[in-house]
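Hello,

Here is the structure I promised to pass on.

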Amino acid sequence: MKDNSKDHDKKKIMKKILKYFLVVLIALVLGIGSAFFSINIVPRKSSIKNGAWITNPLTGSKEANMYLRAAVSLIGLFALNKTETIYYTTFKDDDGNPLRADCDYIIEGGDMDARWWSITAYGEDHFLIPNDGDRYSYNMKNTERDKNGRYKIHLSTTPKKGNWLPLGDGGKFSLSLRIYNPAPNVYENMGTIQLPRIIKGVCK
Amino acid sequence: MKNWVKWILATVILAAVIHLVTVIAIPYGIMLSLKLKSDKANRKVNTLFHAPRVTAESRRVVRPSPDLLYSACGYDVSKEALRFTAPIPDTYWPLSFFASNTDNFFVVNDRDVKSKHIKILLVGSNTSYPDPGDAQVVVSPTNKGVAIFRILIKNEDRLNHLIQIQQQAKCKPQQYKRNTE
């Protein structure tokens, strides 16, 4: 009788431990999963879209909420506020398709009203794309232009004439457009100022 | 209340707590991982590190700008203040301070600085800091954080000159005043 009762108690305890374990496990999956989902989604509410480019006026500011702060720490650590630098990012071309290194693209545009601007390509890991010429970006000084001051930057895995930003061996990539010390009309109109277009060309 | 409802409620409440803790902890975790990387590379706290020009090999901070020269100082102002000095180059040059939650609480650029040198005394909150002299006092909201100097490379031909200027930036500890009660 006593043994049966002991077994029963043991089973009861084991059942309770299993229940606690399941609660903790499910809560961990839900809590961490929803955290990363929200970090990806919530900052979009305060984001500004301009063509293919996306920026957030609260990046680097004290008004950033905890989701934006977490997002910036993951993909834009030590970002400055919008009067110092505006960071536009895109993972897509002008038609809304993901940027893929097995396609060629042309970035077409003109100068932005700022002290300096640059366009940089990053691999899927958010680091610079290795290439033989150590060419990672084009900026307002080193970009070849036509007589009207307009430029075309070729994004491709194979060499191109003129401004060529190498895309490495393949996979997805993204672009950052940095505008340093922008004029007030730039940081006050982040969604409407003229930004470079990203046009997809031939895919392999 | 039914037993299974209690269990579901407990799961949801615990998930909500884990959600909040994760979101709040991520910036601190990123800063901690940087600190561990620095420790591994024998870089001391309260010492300025002048990073070489960014390349595809640079893997410490995501999405680095190849147009900038970076110098960074992981600081701890709990026991000593820090005096930052640097010559101001004739290019875009911001000095920024980030708290332990990655908030950018202070930034100054070359156009804000009216002289050819910048002098800043970084102190912790509620400290009896030493005489700042002609330095601007900046109070860090957290004892630990990171200071970053950036220098824009406008012209590749002037890279060596800018590197020389970069190397002249300093972050030196300075003792707090002792309370004499």
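Predicted model: local features only at pLDDT ≥ 70, side-chain atom pairs only at ≥ 80, totals over all residues.

Residues are numbered from 1 along each chain as its sequence is written, chains are lettered from A and ligands numbered from 1 in the order in which they are written, and side-chain values use heavy atoms, with hydrogens and water left out.

**The interface.** Chain B touches chain A through 53 residues, against 56 residues of chain A (contact means heavy atoms within 4.5 Å). Together they bury about 4,600 Å², 65% of it on carbon and sulfur atoms (the accessible area, 1.4 Å probe, lost on being put together, summed over both). W7(B), R63(B) and Y92(B) supply 18% of what chain B buries there, more than any other three residues.

**Salt bridges across it.** There are three (a side-chain nitrogen of Lys or Arg within 4 Å of a carboxyl oxygen of Asp or Glu):

- D125(A) with R59(B), closest N and O atoms 2.7 Å apart.
- D103(B) with R69(A), at 2.8 Å; both are buried (under 20% relative accessible area, 1.4 Å probe, protein chains only).
- D110(B) with R115(A), at 2.5 Å; D110(B) is buried at 12% and R115(A) at 19%.

**Within chain A.** D94(A), E108(A) and R197(A) are linked in a salt-bridge network. R197(A) and D94(A) meet at 3.7 Å, N to O.

Best wishes

Definitions and conventions
Buried area = accessible area lost by both parts, 1.4 Å probe. Buried < 20%, exposed > 50% of the residue type's maximum accessible area, 1.4 Å probe, protein only.
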